[in-house]
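Me: I am new to this model and would like to go through some of its strands and its surface. Please show it first.

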Amino acid sequence: MRQLLDNLKRHLHWVVFLLLEIVSLVLLFRFNPYQESVWFSRANQVSASIDELEHQLTAYLNLRHENRQLTQENLFLQHRLEQMRRLLEKVPTDTAVSNHLLTMEQAGMRMIPARICDNSVRQRDNIILINRGAHDGIKTEMGVVCGTGVVGIVAQVGPRHSTVLPVLNSKSSISCRIRGSNYFGYLRWQGGSPLMAQLTDVPHHAKVRIGDVVETSGFSNIFPAGIFVGRVEKIRNSKDGLSYQLDVRLSADLSNTQEVLVIESKEIILE
């Protein structure tokens, strides 16, 4: 014990130096927004790399289950494709026009597949980390979707990873409309269940019913119109009584989502 105290006394200046360095770094990153943002971005990238390695190992061990699931989904999609083909054959319309519209839609956007490396759904301001970045063509303000609906918007971009502001974040606000009408509002999350969000600012004269489909409005370049968001579960007045606030059951379960698509919209030139 005596020897330990003597060693500490001899190296006391190094101990004080390290403590002061730690305190200065904490103050630097805690009270300076730019440095805090840089630290947050770098820490997320390191965490994402570790999570991605873990995910790759887990995915390799679960290949049999995933292959079985992909086979089932492939059969389901083939069945749906055949149903749509038969329906289109019965529609009395010009197929050239239909093909032209389909070509325009495909030319109007590019889908960048990505995988979620880190995710949270229980915080007030949840964040998603994906394994695609600037080297893959990702930019801020790009929309992110999954197979069942809207996920969020790209907020920060690193070389190989990006941070997504999901629907389940108090700062998220996405323009949405009631399908089949021009009435729209803003989808926001007020905490609580990760499967429920609120569509605000819907006018009182809008004809809204429980079960109505909520979809993206297309009023911005982030999301094209018509992407499924969820269904109206409850209708109530806003706090000021000037509009409706709709409880929307989200179609995308972000607590169980791994694969996403980042949407890159492109300007369509009509000839």
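Me: Which residue in S9 is the bridge partner of Arg 177?

Reply: This is a predicted model, in which local features need pLDDT of at least 70, side-chain atom pairs count only at pLDDT 80 or more, and totals for chains, interfaces and linings use all residues. Residues are numbered from 1 along each chain as its sequence is written, and side-chain values use heavy atoms, with hydrogens and water left out. Strands are DSSP runs of E with at least two residues, and helices are runs of H or I with at least four, numbered from the N terminus; two strands pair if DSSP finds at least two bridges between them. S6 (residues 174-178) is joined to S9 (residues 213-216) by three antiparallel bridges, and there the partner of Arg 177 is Glu 215.

Me: How many of the eight residues of S8 are buried?

Reply: S8 pairs in the antiparallel sense with S7 over three bridges, and with S11 over six bridges. Buried means under 20% relative accessible area, exposed over 50%, and partly exposed in between (1.4 Å probe, protein chains only). S8 is mostly covered, and the number of its residues that are buried is six.

Me: What is the relative accessible area of Val 15?

Reply: Val 15 lies in helix H2 (residues 12-31). Val 15 counts as partly exposed because its relative accessible area is 36%.
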